[in-house]
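Please study the sequence and the model before reading the solutions.

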Amino acid sequence: MRIAMPNKGRLSESALKLFEEAGLKAEFLADRALLAQLGPEFQGIFVRAQDIPEFVADGAAELGITGRDLVEESGRSELFELLDLGFGRCRLAVAVRDDSAVDTPARLPEGTRVATSFPKLTRRHFESLGIGIRVVPISGAAEIAPHLGVADAIVDLVSTGSTLRVNGLKEIGTVLDSSARLIGNRAALKAAGPMRLSERLVTALESVLRAKKKRYLMANVPRDRLGEVREILPGISGPTIVDILDGGAWVAAHAVVDADQVYQTISRLKELGAEGILVTRIERLMP
Ligand code: AMP
């Protein structure tokens, strides 16, 4: 099964890393090759992120990885989303010059000229607001257009917002939230055989993404405090309690905890008198 992968740009490194973590390390057939083996069952074809919706919709690859912004802009109904991969987060935003009095897209007047490389999504957004705009199609660097007098507003991707700021623009609304997605061509996936292969890929990638948000925590705790330990370490199905050889009044408690709660969890365990606390990353998690 073929997967169209971004060959450069923001998404390419993260996509390769995610596949490697899922046990599907890209083995390129030659240096800078456009083809790579991704484990025994998948072949990666490396193309521009912008072209991936077309490649997948046309069936050149059954699956693809690209930004939601590009998938939606392509408007190809053959495509469906299998998984949000979490990286490449950004938003397609409406921005105007800093000195504009307008603070929301709904206040832009009829006939506003909007520079963008996302003409379809831009038209659809302003249609939904009931405002007739004129799209000024450009392929990049939209930020300059309002200062050159060729547009009154822009619709462009924003991540931190610093590009807008240094270009004297302010964000006034969001058209779409985006991140990298695993997409598929429904007909091509059916023709390629049972859905199980793509489902296995989704399961593998999902298990890595889930594991990133979790940590495995181990601690030695007093046996007579296990009631409280259970409250602190709910884990997936309660903590695992393990005897310690010659541990006396002590047992070991193991649990999967939220990565962003580790600090609080450790503090609470310390208050109970826990010792030998160990926290490790998890590579994969399949509940
Ligand atoms: P920032 O200055 O962080 O707001 O980034 C904005 C610039 O980076 C714009 O030129 C965007 O086109 C580009 N950009 C930000 N995030 C992404 C993304 N996830 N995918 C593609 N381009 C992006």
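**A network of charged residues**

Glu54, Asp58, Arg76 and Glu78 form a linked network of salt bridges; a salt bridge is a side-chain nitrogen of Lys or Arg within 4 Å of a carboxyl oxygen of Asp or Glu. The model is predicted, so that local features need pLDDT of at least 70 and side-chain atom pairs count only at pLDDT 80 or more, while totals for chains, interfaces and linings use all residues. Residues are numbered from 1 along each chain as its sequence is written, and side-chain values use heavy atoms, with hydrogens and water left out.

**Exercise 1.** Determine which parts of the chain the pair Glu54 and Arg76 ties together.

*Solution.* Step 1: the side chains of Glu54 and Arg76 meet in a salt bridge at 2.6 Å, N to O. Step 2: Glu54 belongs to helix α2 (residues 52-57), whereas Arg76 is in the loop between α3 (68-74) and β6 (79-84), so the pair joins parts 22 residues apart in sequence. Helices (H or I, at least four residues) and strands (E, at least two) are DSSP runs, numbered from the N terminus.

**Exercise 2.** State whether Arg76 is buried, partly exposed or exposed.

*Solution.* Step 1: buried means under 20% relative accessible area, exposed over 50%, and partly exposed in between (1.4 Å probe, protein chains only). Step 2: Arg76 has a relative accessible area of 23%, and is therefore partly exposed.

**Exercise 3.** Find the distance, N to O, of the salt bridge between Arg76 and Glu78.

*Solution.* Step 1: the side chains of Arg76 and Glu78 meet at 3.0 Å, N to O. Step 2: Glu78 has 30% relative accessibility and so counts as partly exposed.
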